[in-house]
Amino acid sequence: MPDQPGARNPAAPAPASSDATSDATSDAAPPRPRRPWPAPLRRLVEANVAVVTFLSVFSALLLGGVLIIVTTPAVLHALANIVSSPGRALGVAGSTVGDAYSAMFTGAIFSPSSLGHAISTGHGWTATLTPISESLVSATPLILAGIGVAIGFSTGVFNIGAQGQLIAGALAALYAGFAVRLPIGIHLPIVVLAGAAGGAIAGWIPGYLKARTGAHEVITTIMLNYVMLNLLNYFLTTRPFQQPGQSNAISKTMPSTARLPHLFGSGLRVNAGLVIALVLVAAAWWFTRRSTLGFSFRVIGLNPRAGKTAGIDARRVTVLVLTISGALAGLAGMASLAGTDYFLSSGYGGNIGFNAITVALLGRNRPVGVLLAALLFGALEVGGRNMQAVTNIPIDLTSVIQALIVLFVATPVLVREIYRLRGTGDGSIQLSTSGWGG
Amino acid sequence: MAINDQAHDGARVRRPRSARRSALVAVLSASALGATAVSAGVASASSRTTRAARVAHASPFLACEVTDTGGIDDRSFNASAYQGLQLAKAADPAISFKYLGSTSTSNYTPNINTFIAKKCGIIITVGFDMASATQAAAKAHPSQKFAIVDFTYTPAIKNVLALHYDTNQDGFLGGYLAAAESKTGKVGTFGGQDIPTVTVYMDGWVAGVRYYDKVNHAHVVALGWTPKKVRTAGSFAGNGLFTNDFVNQTLGKTEASTLMAQGADVIFPVAGSVGLGAAAAVKQAGAAHYMEWVDTDGCISAPQYCSLFLTSVTKGIAPSVKAATLSAAKGTFAGGNYNGTLTNGGVSLSPFHDFNATIPAKVKAALVSLKAGIISGKISTDPDSYPAG
């Protein structure tokens, strides 16, 4: 719907201008029976990025609820008798879904009762703050890897290799951790830089391959994921990396001087990795919006030909983007290693590298958007854990919810139709790309 | 813009109806909200009563399992440990149990912490991967009881029961049976990962094949694992086939097909649910191709392939987890290290099921005396004790 550019920003003179557009099509003659809502309110019911995203999350949670209902035997049993006792059937369904989501909330944000207890007695603050701390911990690597992937996407470079770059960063950070003995003030920065460097190298390789040979980065980055995964398995059973006295595939542990310090005492695991992530969100915003290099990245992303005509070296940009993207993913690997895990084992990183892609899409490739998306995903994961522990509903439900959110965000037309939103600022996911193989 | 134009036309022509519709939507959504509120009220009330009821008639004891990244239905040690919890509940209805799955190693510590906060009577962690997370949690919470599957702590930890199994002992019996049943003179194995908990099986299995050759002057060759010639005691090093995965069944199919292409007619996968792929390949290969299952009795955990399984080389995770849970529930829990052997029944060869009639009595008798020999220590399960192939 590109022909109504004004709808995205219905700013100060919005009523007039948007009336003009609608009246132009609807013949203008009869005055509307009542004035539409005042601008700020109306903006809420019009389709825009924030509204569509919010409704996508809402819809995903709603469908998740349906999923809970149809997969819980007790609920199905109650629903089977819905004709004879409808109240009970709805009650059981409602309580099951309600219990699940309230467990998710208390596990991810805070539990009201625990907060009340902490406020009234002054004790138990650690327990009260643990859920939010855990959510931040699980969001931290997603933020870092997410902005890495997003910078690639907005430059038209599909970096699917965040997983491999994350492992490369973690391996480099681990090596920097155990190979030298230094005071924390020097050691920790070296570990952080090593993580970034490891990821940067793993990102530079596909960048160089693309610039030199035209090999498509989707293929090379995916393949490098497997290379890194198996390289990790190899290192874990090899002399300098393997935990001494162990024949299992487990690495040495990070010395205390190479660990990211906890921000709020040892009881809460939230650590300096979060600070690094937040600083880099700000840096990424500045870079993409304010810097010359970032501008040339965007130009190449929006229109490579125009960029080339304007004298931007597209090859250099490709190499740089993948290197930066890889460095950020490497920092994500470093942040988990030095922040919470302190050792590596096979399959390190789980799905973080792939979730980062989802987070970048949900955040629409903007640093602040990625930050919010990562916080949401982190909270969903931690909340899902509590949900399973309390209600026995498998944590896999959270993956389904995450997938549904992205599905809805990717089809804004659907969201608009379901909720009868006006306006066309659809907030769809826009990938700047010159096309597959471009 | 076709859609939008239509919408505008519709709005102009049938405005009253659309207004009514939006009013209806508003009412509906309002009533829906009300209903949610009501049902939420019902929810909390009913859940409160059920919770109260639960507390009243049962369940002061909660047993909790944290799986490793293989997941709860890996048909291997995670599933076995969970089965142990089910057995414990069957033995003592006052026990209830829960589990938390881990999708990455980063989940171990928060999963354990979640269960500590839920006041679990015992927390079962599965796999050496979780050893350091378990150790750290045990140190931070000295009154919390733990049991860890497939690990040994040196020195032992007071509030952790580390469960370890000498699966080379029953692996030896499995290797002997495989060699005895092979018509092609070749048998094959592969592992999920080159780690001791896997290769200990393969070491024993290969030793069993070599032992068969030695006592029967036969020439059965074991493919897929070559134990290293000189090893330190307790290490299970060598070269072999590994899928580096415990989940992807396609890999199991590939490895089994490779082994069968080289002439092996008995396959022993040591790779969790990857073995199901091997079973599919063995089934496809048709008559006179057999398998041995690992960890659990395959005829129970994967009954669709029971007709292929000569036997299963099992590891008594379920019984030992059950025992640990019951002891914690009774208050007789003691930490330390437990070692499952043929002697204490911690490891064993499963019944022959479909092959009970076809396996010769002579072989069965040999297995019985072998078991006695291993228990008494007269027969070594070290592959180095016997000449190779």
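Author: B:Lys119 lies in the loop between α4 (108-117) and β3 (122-126) of chain B; helices (H or I, at least four residues) and strands (E, at least two) are DSSP runs, numbered from the N terminus. This is a predicted model, in which local features need pLDDT of at least 70 and side-chain atom pairs count only at pLDDT 80 or more, while totals for chains, interfaces and linings use all residues. Residues are numbered from 1 along each chain as its sequence is written, chains are lettered from A and ligands numbered from 1 in the order in which they are written, and side-chain values use heavy atoms, with hydrogens and water left out.

The phi of B:Lys119 is near 60°, a positive value in a residue other than glycine. Most residues other than glycine have a negative phi, and most peptide bonds are trans. B:Lys119 is exposed, with a relative accessible area of 68% (buried means under 20% relative accessible area, exposed over 50%, partly exposed in between; 1.4 Å probe, protein chains only).

B:His217 is also not a glycine and has a positive phi of about 50°. Its place is the loop between α7 (196-216) and β7 (221-223) of chain B. With a relative accessible area of 69%, B:His217 is exposed.

B:Pro155 sits in the loop between β4 (145-149) and β5 (160-165) of chain B.

These points belong to a chain with 12 helices and 14 strands. Of the 389 residues in chain B, 52% are buried. Among the contacts (heavy atoms within 4.5 Å) in chain B with a separation of 6 or more, 68% come from residues 24 or more positions apart.

A:Ser251 is in the loop between α10 (217-236) and α11 (272-290) of chain A, and its relative accessible area is 0%. The side chain of A:Ser251 reaches the backbone nitrogen of A:Leu344 at 2.8 Å. Leaving aside residues up to four places away in sequence, A:Ser251 touches several residues, including A:Leu174, A:Leu236, A:Phe241 and A:Phe343.

Nine residues of domain 1 of chain A are in contact with five residues of domain 2 of chain A. The two domains of chain A bury about 700 Å² between them, 67% of it on carbon and sulfur atoms; buried area is the accessible area (1.4 Å probe) that two parts lose on being put together, summed over both.

On the side of domain 1 of chain A that touches domain 2 of chain A, α3 (49-71) and α17 (396-410) of chain A each supply at least two residues. The most comes from α17(A), which gives four residues to that side. By class, the side of domain 1 of chain A that touches domain 2 of chain A has five nonpolar, four polar and no charged residues (Ala, Val, Leu, Ile, Met, Phe, Trp, Tyr, Cys and Pro count as nonpolar, Asp, Glu, Lys and Arg as charged, and the others, Gly among them, as polar).

Notes
A polar contact is a pair of N or O atoms within 3.5 Å; within protein, one must be able to donate a hydrogen and the other to accept it, and residues adjacent in sequence count only if both atoms are side-chain atoms.
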